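Subject: Structure handover and notes

Hello,

Please read them with the model open.

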Amino acid sequence: MRDLVTRRSRAVGGVAGPLLFVQAPPRVRLGEMVLIRMPDGERRGQVIELSEQHAVIQVLEETLGLRPDDAEVTFTGEVATLAVGRGMLGRVLDGMGRPSDGLPPPVPEAVLPLGGVPINPVRRARPAELIETGISAIDGLATLVRGQKLPIFSGAGLPAPRLAAQVVRQARVAGGEPFAVVFCGMGIPAREADFYLASFQDVAERTAVILNRASDPTIERLLAPRCALSLAEFLAFNHGIHVLVILTDMTSYCEALREVALAREEIPARRGYPGDMYTDLASIYERAGLIQGRAGSVTQLPIVTMPDDDITHPVPDLTGYVTEGQLVLSRELHRRGVFPPIDVLPSLSRLMNGGIGPGRTREDHRALADQLYAFYARGREVRRMEAIVGAEGLTTEQRGLLAFAERFEQGFIHQGAQRRTIGETLETGWQMLAGFAPAALNRIPESLIARYRPQGALHGEIAGDTHGAAGGQGDPARG
């Protein structure tokens, strides 16, 4: 207690946005938590910058009404932590891990630092089992694998919230192994928050929700994903549960980073974002993975809103450097009523090959995905050509590919709220190829065509030379 008294300071220099500038006592360290006492109550903060005599404190609550003359800062000597336990499944928490559902705090089993403990690279296991989302465009063509980080790139107004809610409801792992979802929302509007909570009711017992609402302090968004990942790591590596972490929206998180950087008067980098944003994002994304000898896994599905649908914007651009693929939502498909509007051409999963094939999904999965991708890519090319030369200028083969592209979008990608198992997804893929002669299926071995091609499929509708088909996902360029 005497030590805490000596680590108090009333020499508060000023307040700038979410930051407090104070003269620091000895032995203060980066990341240390502080208590800020005011006549109207207490606030919490964290040391984010140090000099020889001063400290910059990031206030984790609203700074409105915080007067430097009345503030007393106590340095606790502790880093930011979260009390975690299985009892947090089925609960709704705020961005700092505190209950917001009106129920008592869950019984903690451990107290973990929010920064996490890096996984030893030597102990990392290679992801090799899929997580079935029930969505054909993901399971069939860009498979999500346990331990992977696979972002969803969306745009303003696209149904990323609806897609995220559907994944939470439908996702599962094979073999009946324990599975849980940790959903983390950052800067979520009230209407969207209500939608999420209503959507998760049927799977509440396996879902933990950490929700930073738009009305909550902006700075709380910086802690929310770390609370979610600390809980996910505990469930995965202490209880052997396969945990899927959905983070939405990482663009809101990066906006909070930019707000703090501007308050600190840092020299901005691209579009005003801090220069260390790549490192900060990596500290979140790299917490996905598996550990050799441990039964559980942490898989991430972050959602990134691209301002102006610009995939080169710093947030999706830096996210793409750290993660292992991407799922891209299409505004054109959305306008045409396709849900989920996943554009499979720029989408890919670099770890897909490790999670599919014999013993995992089915032996025809890789070849079927390559063939569907190749035909759809050619169909999209023909669609652009038709806009120039008209339908009369197309050959019979080109008209067949154009019809396939439409059939593929409406019959394979579009599925609404329906859930498809991986077997149903593969069967639907074969039905999409029913109009092609066997000779045209040049991405699939003859033995697989003979075994899996639907009986009674049409012959000769599209046949002949298809060697010019665009490269499929099996090509080196697509991982």
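The notes below go through what was found, one topic at a time.

This is a predicted model, in which local features need pLDDT of at least 70 and side-chain atom pairs count only at pLDDT 80 or more, while totals for chains, interfaces and linings use all residues. Residues are numbered from 1 along each chain as its sequence is written, and side-chain values use heavy atoms, with hydrogens and water left out.

Helices and strands are DSSP runs numbered from the N terminus (helices are H or I, at least four residues; strands are E, at least two).

Cores

A nonpolar core here is a set of buried Ala, Val, Leu, Ile, Met, Phe, Trp, Tyr and Cys residues joined through side-chain atoms within 4.5 Å. Buried means under 20% relative accessible area, exposed means over 50%, and partly exposed is in between (1.4 Å probe, protein chains only). The largest nonpolar core has 71 residues, and the members that touch the most others are F183, L244, I246, L372, F404, F408 and L433. Helix α11 (residues 365–389) supplies the largest share of this core, nine residues. Not counting residues up to four places away in sequence, L433 touches L368, Q371, L372, F375, F404, L441 and I444 (contact means heavy atoms within 4.5 Å). There is also a second, separate core of 59 residues, with L19, I48, V84 and F234 included.

Helix α5

Helix α5 covers residues 224–239. Of its 16 residues, 14 are buried, so the helix is largely enclosed by the rest of the structure. Its end C-alpha atoms are 22 Å apart, which agrees with the 22 Å that 16 residues should span at 1.5 Å a residue (the expected span is 1.5 Å times one less than the number of residues). G240 follows α5 and has a positive phi, near 65 degrees.

Pocket and cavities

Both kinds of space were found on a 1 Å grid over the protein atoms alone: a cavity is a set of points where a 1.4 Å probe fits but cannot get out, a pocket is an open set with protein on both sides within 12 Å along at least five of seven lines, and lining residues have an atom within 4 Å of a point. Grid points are joined across faces, edges and corners, and a volume is the space filled by probe spheres set on the points.

The largest pocket holds about 740 Å³ of space. It is lined by 26 residues, and Q46, I48, Q58, R226 and D280 are the closest to its centre. At least two lining residues come from each of β5 (41–50), α6 (250–263) and α7 (277–285); α6 gives the most, with four.

Two cavities of 30 Å³ or more are present. The largest cavity has a volume of about 40 Å³ and is lined by G140, L141, H365, L368, A369, L372, F412, T425 and L426. The elements giving two or more residues to this lining are α11 and α13 (422–432), and α11 gives the most, with four.

Two individual residues

Q148 sits in the loop between α2 (136–139) and β13 (152–154). Its relative accessible area is 0%, so Q148 is buried. The side chains of Q148 and S349 are joined by a polar contact of 2.9 Å (a pair of N or O atoms within 3.5 Å; within protein, one must be able to donate a hydrogen and the other to accept it, and residues adjacent in sequence count only if both atoms are side-chain atoms).

A125 is in strand β11 (residues 124–125) and is partly exposed, at 26% relative accessible area. The C-alpha atoms of A125 and I291 are 5.4 Å apart, although 166 residues separate them along the chain.

Backbone points to check by eye

Most residues other than glycine have a negative phi, and most peptide bonds are trans. E265, in the loop between α6 and α7, is not a glycine but has a positive phi of about 60 degrees. E265 counts as exposed, at 72% relative accessibility. D308 is not a glycine and has a positive phi of about 60 degrees; D308 lies in the loop between β19 (297–305) and α8 (314–322). A cis peptide bond joins T248 and D249, with omega about 5 degrees, and another joins F339 and P340, with omega about -5 degrees.

Regards
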